Protein chains: 2
Amino acid sequence: MKIRIIGLGLIGGSMAIDLKKRGFATKIIGVDNNSQNAQRALDLGIADEIMDMDKAVENTDIVVLATPLKAALKILPHLLDISTNQVITDVCSTKKSLCETVENHPNRKNYIAAHPMAGTENSGPDAAQENLFDNRVIIFCDTEKSDNHKFALVEKMYNVLRMKSIYMNSQNHDEHVAYVSHISHISSFALAITVLQKEKNEKNILALASGGFESTVRLAKSSSSMWTPIFCDNQSNLLEVIDTYMNVLSNFKAAIVAKEEMKIDDMIIQANKIRKILN
Amino acid sequence: MKIRIIGLGLIGGSMAIDLKKRGFATKIIGVDNNSQNAQRALDLGIADEIMDMDKAVENTDIVVLATPLKAALKILPHLLDISTNQVITDVCSTKKSLCETVENHPNRKNYIAAHPMAGTENSGPDAAQENLFDNRVIIFCDTEKSDNHKFALVEKMYNVLRMKSIYMNSQNHDEHVAYVSHISHISSFALAITVLQKEKNEKNILALASGGFESTVRLAKSSSSMWTPIFCDNQSNLLEVIDTYMNVLSNFKAAIVAKEEMKIDDMIIQANKIRKILN
């Protein structure tokens with residue numbers, strides 16, 4: 001299978017590694033407008049060759065658009081413009097605006113909207129790793145608008161990446177990822193800023209980090225080029241869940257102000273329910 | 001060395017395992033007012049014998065008080081009452097109120113206030129594990145109020161647990177742990193409650209958890225019996241940092257409402273500074 005990957009970062013690079021290693025891709029042609037990243041991907045063996053986008057799309061089976069959202073919103077319509085029979089799929093963390101952008105495109109059926117729920121706080125080709133997607137979830141959106149055979153091919157690709165498929169419409173997708181994933185990033189970014197503001201002694205931050213801070217703040221290492229566009233794109237869903245989060249914090253604060261032990265106990269016991277769902 | 005551990009949970013149990021394995025303790029005598037926990041600690045080989053508290057304190061070298069804070073505040077003065085030459089040390093996450101409680105006790109010099117910065121979100125004897133403390137930090141407080149030789153003995157014990165010593169007065173300790181560790185727990189408990197409120201479909205929570213939620217919410221599995229007393233005890237420091245956290249969240253919200261991309265970028269870049277400190 002001939003695979004082209006546009007954007008050779010954490011997600012695109014990790015896909016390249018496993019798709020080749022597992023025999024689904026014969027050769028990985030990479031596209032990256034950052035020439036340093038492109039060279040690094042070649043050096044690391046993630047891509048076998050680098051091409052310009054338009055040339056890469058000719059003579060291929062699947063084009064994976066693995067750039068941050070902002071670039072994807074511009075590139076996707078262009079890819080559909082120049083696509084003939086190629087399958088175009090993306091990996092972005094929000095789906096509604098992308099699907100709306102190409103809603104009436106004559107080649108809409110060539111596009112498979114997909115969101116592989118995997119990642120780390122790192123980015124760039126050096127962050128790419130084997131087995132990143134194993135046993136994680138791949139969300140396909142608005143599949144009724146895609147050609148059946150093309151969808152089946154992309155699903156097969158994600159089967160090779162050992163992902164479990166789930167299906168949502170793009171609007172529901174954006175709501176659900178705001179409610180679970182995007183709010184986690186906001187809470188972690190805010191925690192990092194708070195701790196940096198309050199604890200002026202960096203040695204103390206490092207010394208005390210093992211008291212739980214380290215894992216809670218992991219996502220705060222994530223890049224602005226990825227997350228700022230997501231937060232703006234998913235604004236209304238995200239604001240809704242930020243409000244809920246701030247209300248819960250206000251309730252915690254009020255209970256601590258009043259030293260209402262039973263109320264604090266109740267809130268913690270409520271939070272503990274997450275253990276049963278995740279374990 | 002004869003060691004007695006009061007409270008055979010995650011911390012007390014993990015200490016028991018390594019202190020015996022590494023030859024510092026010849027025999028671990030455990031004390032636990034929960035008879036099920038006591039039996040489980042015997043079954044797991046964490047404790048060699050279970051005794052009543054008063055009997056356990058006779059004829060020993062070091063008593064480690066490893067109960068939650070609320071019990072420790074009651075037990076510590078009693079241990080000092082009945083101690084003759086034994087060293088009494090605790091592991092609680094706040095130190096000021098404990099130190100104040102025994103400030104004028106005639107045997108105050110027998111007490112070493114200590115806080116090993118290690119743990120997991122689990123509790124009870126089954127959560128005890130080897131090597132929990134390796135390369136973590138042990139904070140000793142108000143050491144000038146402790147007998148030098150007794151302090152040296154406790155520090156030696158924590159050396160055996162491979163911990164790095166730092167020293168603070170108890171008031172500073174409580175501030176710094178609020179600013180780094182306790183706020184992390186509040187943010188994580190609040191995140192769990194928020195996600196459970198907003199995302200009614202538990203299957204979605206599990207499916208979407210790999211998008212960062214899983215690590216950010218880990219601390220929300222922690223027990224109320226440990227954390228409610230800590231939050232109440234460290235009330236003023238914690239309220240201060242909760243206010244900062246809520247302000248930062250308000251700033252995020254305002255920037256997202258206005259879709260001010262540069263402001264959101266700036267906040268994320270500010271948060272990213274945590275990477276340099278922790279890596």
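A residue is taken as buried if 20 or more other C-beta atoms lie within 10 Å of its own. In this predicted model, B:Pro68 has 21 other C-beta atoms within 10 Å, and is therefore buried. The residue lies in the loop of chain B that runs between strand E4 (62–65) and helix H4 (69–82). Once neighbours within four places in sequence are left aside, B:Pro68 is in contact with B:Ser225, B:Met226 and B:Pro229. A further pairing is seen with B:Cys92, which is 24 residues apart from B:Pro68 along the chain, the C-alpha atoms of the two being separated by 6.8 Å.

With regard to the relation between the chains, chain A is superposed on chain B by a rotation of 180° with 0.0 Å of shift along its axis, the RMSD being 0.0 Å. This is the relation of a two-fold axis. In chain A, the C-alpha nearest the axis belongs to A:Thr216 and lies 2.1 Å from it.

Where the chains meet, 80 residues of chain A are in contact with 80 residues of chain B. On the side of chain A that touches chain B, at least two residues are supplied by each of helix H7 (170–198), helix H8 (202–208), helix H9 (213–216), helix H10 (224–233), helix H11 (235–257) and helix H12 (261–278) of chain A. H7(A) gives the most to this side, with 21 residues. By residue class, the side of chain A that touches chain B divides into 47 nonpolar, 20 polar and 13 charged residues. Because 100% of the interface residues of chain A are also interface residues in chain B, the copies meet through the same surface.

How values were computed:
Residues are numbered from 1 along each chain as its sequence is written. Chains are lettered from A and ligands numbered from 1 in the order in which they are written. This is a predicted model: local features need pLDDT of at least 70, side-chain atom pairs count only at pLDDT 80 or more; totals for chains, interfaces and linings use all residues. Copies are superposed by least squares on the C-alpha atoms of residues with pLDDT of at least 70 in both. Two residues are in contact if their C-beta atoms, placed from the backbone, lie within 7 Å. Helices (H or I, at least four residues) and strands (E, at least two) are DSSP runs, numbered from the N terminus. A residue is buried if 20 or more other C-beta atoms lie within 10 Å of its own, exposed if 12 or fewer, and partly exposed in between; C-beta atoms are placed from the backbone. Ala, Val, Leu, Ile, Met, Phe, Trp, Tyr, Cys and Pro count as nonpolar, Asp, Glu, Lys and Arg as charged, and the others, Gly among them, as polar.
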